[in-house]
Amino acid sequence: MWGETISISPAPGPFPADTAECEGRSLLKTFVAASAHRGESVHVFGFEIPEEEFRAGFDPDVTVRLLYQDGFTDPLRWTGEAGGFGAEEFTALGVAGRLARGPAGPTTVVLDSLSWLLLRQPLPAVCQTLGQIPRAATSLRVTRILALLHEDLHPPGLVETLRSLARAVVGVGPAPEGMGSGGDAPHLASMLQRKGTGKVLKKVGEGKWRCPDWGVDPAANLTFNLRLSDTERRARDGMSLPFHFTVSGHAPFSQPAHFSQATPLLGPPAQCPQPLPSRPCPPFFFLPVPTAVSGPTPLPLAPPTSSSSIQSPLSL
Amino acid sequence: LLGPTYGTGSILENTTLEVLDFNLLPSSLNLEDKYGIYSNLLFKYFLAEGIVCGHNLFVASAKEDPADILKELPAPLSDDALKNQVDEKETAIKSKQESQESMKIAWRYQNLPRIEVNIPAASARFGHYYDVSKVVSPELLQSTKWHRFFLPEEMSLHPEIKTCNMTCGYTRLLQSIQRIIYQEGFDGSYPQKKQKNILRIGIQSLGSVLWGDDICCAHNPEDIYSLTKFLYVLRGLLRMSLSACIITMPAHLIQNKAIMERVTNLSDTVVGLESFIGSERETNPLYKDYQGLIHVHKIPQLNSLICDVSGTKDLAFRLKRKLFTIEVRETLRDFNV
């Protein structure tokens with residue numbers, strides 16, 4: 001699946017769009033570095049990652065030209081700290097005001113990411129703002145607007161509309177099997193550019209860049225724990241369950257259950273009860289009561305892996 | 001039902017066209033090709049024809065400054081330049097004919113008349129010819145009276161409105177057109193004072209997101225009727241004035257097809273452009289001579305009760321160095337012989 005890089009006219013320039021399978025921020029940073037090396041000042045409106053993470057990896061001569069507008073730390077402007085940039089400030093005048101704080105001259109505007117803005121403002125408003133930025137910023141010359149778009153997050157109609165407005169679109173995606181060698185994963189970038197003369201250029205190039213080693217993991221960074229630590233896993237594995245046959249082959253519940261680890265809701269058994277006649281007892285379950293405040297002890301989800309570890313409730 | 005600008009203009013289909021005449025059709029809708037290249041070209045042809053004929057222009061856009069659009073209009077070809085162009089073509093065809101051996105298998109076609117390029121006399125000529133590789137001269141542009149509507153400019157005049165939704169944008173455009181029609185007397189307001197002239201209106205990329213409309217990006221738009229209401233009111237303005245209008249629209253982006261049906265109903269002429277750029281037809285040998293296809297969805301039935309009886313609808317266009325031509329596709333024409 002391809003991601004895309006789009007640029008918005010009238011300021012030409014590519015901006016990457018990516019998908020969960022292949023990130024485009026690395027490519028965006030190469031465009032940023034290229035603009036800085038050309039002597040342009042680069043205003044980055046960052047909403048998705050902290051400023052330190054965005055600046056990481058740039059040479060000193062690039063970072064000196066980088067002016068970061070922080071929309072990540074306080075996007076809703078709750079703390080009201082100076083220097084932050086909120087979603088509601090993304091208007092032509094708001095952006096032009098921030099640009100005016102930088103040096104005059106050729107300027108590249110970078111949006112990281114456009115998807116973040118499109119999830120908070122309607123598309124027509126965002127497109128109109130982008131079109132008006134070069135006109136509103138009278139004190140400097142906006143040469144290009146680069147924006148990162150996460151293609152996965154938007155319906156195809158919206159992506160097509162942005163494609164039609166942009167001067168150049170660069171898509172990033174994983175390279176086919178067998179392409180490239182070495183440590184870094186190869187990626188393919190395809191660019192579609194509309195020139196002022198009316199020509200349309202299409203180019204496909206291969207590049208290698210190291211994607212951060214993260215997968216799409218919805219269970220990461222949660223306030224509760226969906227996974228087990230090693231000790232918790234061992235405790236769970238050692239848990240005896242009421243429905244297991246003994247090694248000697250007795251049916252379950254022909255003898256009363258004996259739980260050494262779980263604490264029954266009704267209180268711990270004082271001593272082993274007398275054997276009951278051989279008829280099945282109605283099953284009853286014990287829910288382990290959490291012993292620590294930090295997190296609940298997970299329910300035993302799987303039976304013990306080996307028969308030798310079965311603590312047969314029937315062997316008394 | 002017809003405006004006073006009605007005339008004999010129509011799309012010629014049987015020969016190689018060098019002019020697609022939009023002259024006399026009250027409202028003409030041009031459905032944009034995917035990258036908007038050729039529809040922009042036809043848009044500019046329409047306006048250039050207005051300049052050469054001495055008409056007044058009204059250019060509306062939400063994307064490009066109208067002044068920049070006018071600066072890029074194609075330059076009209078003078079008679080001498082046109083004759084040279086035609087002579088070049090004739091020489092090319094003659095040399096091709098001489099080198100051609102007599103046909104062996106297709107001998108039945110040997111006696112068919114050759115395609116001849118004739119340039120009709122100026123009096124019989126319909127429209128003008130343009131050189132796409134050159135832009136119109138600033139002097140010709142200065143002698144033209146034109147009016148502008150640029151949506152970002154209108155919005156900056158009213159900064160209290162932060163974003164212009166479609167209703168706001170379309171309403172402002174209609175008000176602007178109405179004001180110009182009234183002030184300049186195109187509706188007969190000043191019958192004796194001014195010489196009658198025609199107003200050519202060009203609206204670029206109507207319905208796109210830059211006009212504040214979301215029909216291009218949403219299947220269930222916020223206001224599905226705003227575009228059709230605009231067209232309905234515009235039609236009324238055109239009918240009661242000496243004006244003609246061309247509108248380009250990114251139909252390939254409009255998600256809801258019912259909207260396109262209504263828009264087609266509200267227009268007099270609807271022409272769709274399909275360019276081969278980026279499609280598999282670009283490398284298809286059948287289409288090697290052309291850059292795209294023209295689909296005529298609707299032509300005006302002027303004072304007529306019969307339906308569309310045009311001979312063929314298989315039209316293709318090509319852009320060669322200087323000229324934009326529309327032709328019947330040769331493969332099908334050969335079958336018709």
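## The interface between chains A and B

In this predicted model, chain B and chain A bury about 1700 Å² between them, and 66% of that area lies on carbon and sulfur atoms. On the side of chain B, 22 residues are in contact with 19 residues of chain A. No salt bridge joins the two, the count between chain B and chain A being zero, although over all chains the count comes to 14 salt bridges.

## Confidence in the model

The model scores ipTM 0.73 and pTM 0.69. Chain B averages a pLDDT of 72, with 64% of the residues scoring at least 70.

## Two packed helices in chain B

Helix H7 (residues 226–239) and helix H8 (residues 257–266) of chain B have axes that come within 10 Å and cross at roughly 0°. Because angles under 35 degrees count as roughly parallel, H7(B) and H8(B) are therefore described as roughly parallel to each other.

From H7(B), the residues B:Leu227, B:Thr228, B:Leu231, B:Tyr232 and B:Arg235 take part in the contact, and they meet B:Ile259, B:Arg262, B:Val263, B:Asn265 and B:Leu266 in H8(B). The residues of this contact divide into six nonpolar, two polar and two charged.

## Backbone features in two loops

Most residues other than glycine have a negative phi, and most peptide bonds are trans. Against that background, two places in the model may be checked in the backbone. In chain B, B:Ser205 has a phi near 55°, a positive value in a residue other than glycine, and B:Ser205 is placed in the loop between strand E6 (199–203) and H7 of chain B.

In chain A, the peptide bond from A:Asp112 to A:Ser113 is cis, with omega near 10°. A:Ser113 itself lies in the loop between strand E5 (106–112) and helix H5 (114–118) of chain A.

## A salt bridge within a helix of chain A

Side chains of opposite charge can pair when their charged atoms come close. In chain A, the side chains of A:Arg55 and A:Glu51 meet in a salt bridge, at 2.9 Å from N to O. Both A:Arg55 and A:Glu51 lie in helix H2 (residues 51–55) of chain A, where they are four residues apart, about one turn of the helix.

Technical notes. Residues numbered from 1 in each chain as written. Chains lettered and ligands numbered in written order. Predicted model: local features only at pLDDT ≥ 70, side-chain atom pairs only at ≥ 80, totals over all residues. Heavy atoms only, no water. pLDDT = per-residue confidence, 0-100. Axes fitted to C-alpha atoms, helices over the stretch in contact; angles between N-to-C directions. Parallel < 35°, antiparallel > 145°, perpendicular 65-115°, else oblique. Contact = heavy atoms within 4.5 Å. Nonpolar A, V, L, I, M, F, W, Y, C, P; charged D, E, K, R; others polar. Buried area = accessible area lost by both parts, 1.4 Å probe. Salt bridge = Lys/Arg side-chain N within 4 Å of Asp/Glu carboxyl O.
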